[in-house]
Amino acid sequence: MNRGAAQMTDEADRYYSGSGAVPLRGTIIVLLGGALAIAGLSLLYSIAEFYVSHQKLKVLIALCYAMLVGGAVKLLSRFGAVRSRLFSGLLGLALGLFAVYSAWMWFLVILSGWNMQVAGLSPTVMWEAIQALAGAGIWRNRNGIAVGATELAVWWSLEALAVIAAATYMATTNREPYCEACGRWTEASPIAALPPAPIEALKAELEDERYESLYRLGRQPLTPGAGLTAQVWTCRDCKESNFLTMSDVSVKVKGSEEKVTSTAFVQHLLVPEEVARWVRERDQHAVAPAVDDPPIAQG
Ligand SMILES: [Zn+2]
């Protein structure tokens, strides 16, 4: 049997690559759901920013807003099954911009004594109002001195940037493989710890659909400080979509801190159901190889 060219194609095919599908329904879910969520979140955010004067608390509230907007965009993008991370990012960017706009809109409404007509101002008029606000010295610092226009502009820019960046980035973080046949995301298993092994050889065997070395590895004792981890992503509805990721992990101890470095050498490789089951039934408690012995102090 000639395995040359055919095998090469097989290997390439057996790694998951997203379909990049952008369903119209999903796009509408992300944009509409996102806009609704942001309208509510930005109202709460603007109320908090209006009434809280403590500077550190203001920063914390702004970070919370950025994280909540980003989290909502991520969830909706997942729910809408948008498989293109680039397109998800663009949706996140659009929603991030809307989140900044919406927060300012509510803020101006509150500032005007809940005059809802202010909500209908055009972005150009809003922009002029914001510039006028910066120069008006409406914020006072701890010592009762009005915060300068430049300082306010820097703070407002950073705030806007954090919200836009969080929404854009979080939208691209749905990295799980998607089962196209069943129309659902796969679910991750707990991470299984394995002893160290020559990774290039193991990778070649796994790509060649030979799993004996992996099974053998599972029977050997774990080694403190270094090893491999295995994790599978499985579709709950079918037995076909099982993807294996294996990483090379080492734990370095510096003082009282443990620094864990993990490098994936096999990422989302399609494997049979039995391999997925085997990984899931491994020791589910060990996240990374444990360091048993205290480090020997270096002289
Ligand atoms: Zn499936």
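Angles under 35 degrees between axes count as roughly parallel. Keep that cut-off in mind for this predicted model.

Start with α3 and α6. Their axes come within 8 Å and cross at roughly 25°. The two helices are therefore roughly parallel to each other. The crossing of α3 with α6 is right-handed.

Now look at what meets there. On the α3 side the contact includes Ala62, Tyr65, Ala66, Val69, Val73 and Lys74. On the α6 side it includes Glu159, Val163, Ala167, Tyr169 and Met170. By class, the contact of α3 with α6 holds 14 nonpolar, three polar and two charged residues.

Next, the core. In soluble globular proteins, nonpolar side chains tend to be buried together. Here the largest nonpolar core has 31 residues. Those with the most contacts inside this core are Tyr65, Val69, Val73, Ala99, Val163 and Ala167. At least two core residues come from each of α2 (24–51), α3 (55–79), α4 (85–111) and α6 (149–171). The helix that gives the most is α4, with 11 residues.

Which residues does Val163 touch, leaving aside those up to four places away in sequence? They are Tyr65, Ala66, Val69, Gly96, Ala99 and Val100. Val163 is also one of the α6 residues in the contact with α3.

Finally, move along to a second core. This core is separate and has 22 residues. Among them are Leu214, Leu228, Ala230 and Val232.

How values were computed. Residues numbered from 1 in each chain as written. Predicted model: local features only at pLDDT ≥ 70, side-chain atom pairs only at ≥ 80, totals over all residues. Core = buried A, V, L, I, M, F, W, Y, C linked by C-beta atoms within 7 Å. Buried ≥ 20, exposed ≤ 12 C-beta atoms within 10 Å, placed from the backbone. Helix = DSSP H or I, 4+ residues; strand = E, 2+ residues; numbered from the N terminus. Contact = placed C-beta atoms within 7 Å. Axes fitted to C-alpha atoms, helices over the stretch in contact; angles between N-to-C directions. Parallel < 35°, antiparallel > 145°, perpendicular 65-115°, else oblique. Left-handed = near helix turned anticlockwise from the far one by under 90°. Nonpolar A, V, L, I, M, F, W, Y, C, P; charged D, E, K, R; others polar.
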